[in-house]
Amino acid sequence: MFYKDVVAVDAKKHADLKLSLAENFAFAAKVHAVPLVGGEFANAMREYPIVFAQTGENEYAATAMLGLKTEQNLFVDAAGVWPAQYIPFFVRRFPFVTVEVENNDAVLCVEESALAGVRRDADANAFENGEATEPMKQFAQLMFQSRDDAKRTTEFINELSKLGLLHQVSASTELPNGEKVSMDGMWVVDEEKLRALPADTVATWVKDGRMALVYAHLFSLVNLQSLVEKLLKTVQ
């Protein structure tokens, strides 16, 4: 995606590191989908189609669709501005990222090649006297919470798959110049099969909040048409 030169954050190596996050999103201009976690569904559903991408055999991940063409993000303009009410956390946290390591653990990393471009001297220091600052501790906690939410979200989507509730769809349109655009590989919940779930399963999902995720996903699918409209504007 847009992480290419990732290294673990280190108090000695990154002694002067600032907790500066990207404000210009040109780095994401060629990304047509980004990962999304369950805690974001309620906000993301208002602007993005939330669909599931197959990552392995019977394994899926939630994504926010940003475009209908590979390497085209319809939410980033030529100046790198992302004029949306909600920007997915996967994008907002750049240049930071968590990377999985052994023993089901993860480490906080940073895209070193981007540090100079996003640095703002007024932002909080990550380290002082070789120790993590309080803002750094809070930010790291937020990053690892998002990582944990991603794991829970993936587990639930995989459960949907095991129950046979997912089916594959595609979005397509024909542009004024005659070009036909199609985006395949999107998996969504089958509403008919959802309604056929046993009552005890439905009750459990309603109680623990998982049903809210399902309906946020389903409600978000109207935004596929919004993507088509955004795409048409780029060729008019």
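Because glutamate 23 sits in the loop between β1 (6-8) and β2 (33-35) while arginine 120 sits in the loop between α3 (115-118) and β7 (127-128), the pair ties together parts that are 97 residues apart in sequence. These helices (H or I, at least four residues) and strands (E, at least two) are DSSP runs, numbered from the N terminus.

The model is predicted, so local features need pLDDT of at least 70 and side-chain atom pairs count only at pLDDT 80 or more, whereas totals for chains, interfaces and linings use all residues. Residues are numbered from 1 along each chain as its sequence is written, and side-chain values use heavy atoms, leaving out hydrogens and water.

Now colour by accessibility, where buried means under 20% relative accessible area, exposed over 50%, and partly exposed in between (1.4 Å probe, protein chains only). Glutamate 23 is exposed at 61%, and arginine 120 is partly exposed at 25%.

Next, select arginine 119 and aspartate 121, whose salt bridge has its closest N and O atoms 3.2 Å apart; arginine 119 is partly exposed at 37%, and aspartate 121 is exposed at 59%.

Finally, go to aspartate 208 and arginine 210, which meet in a salt bridge of 2.8 Å, N to O.

Definitions and conventions. Salt bridge = Lys/Arg side-chain N within 4 Å of Asp/Glu carboxyl O.
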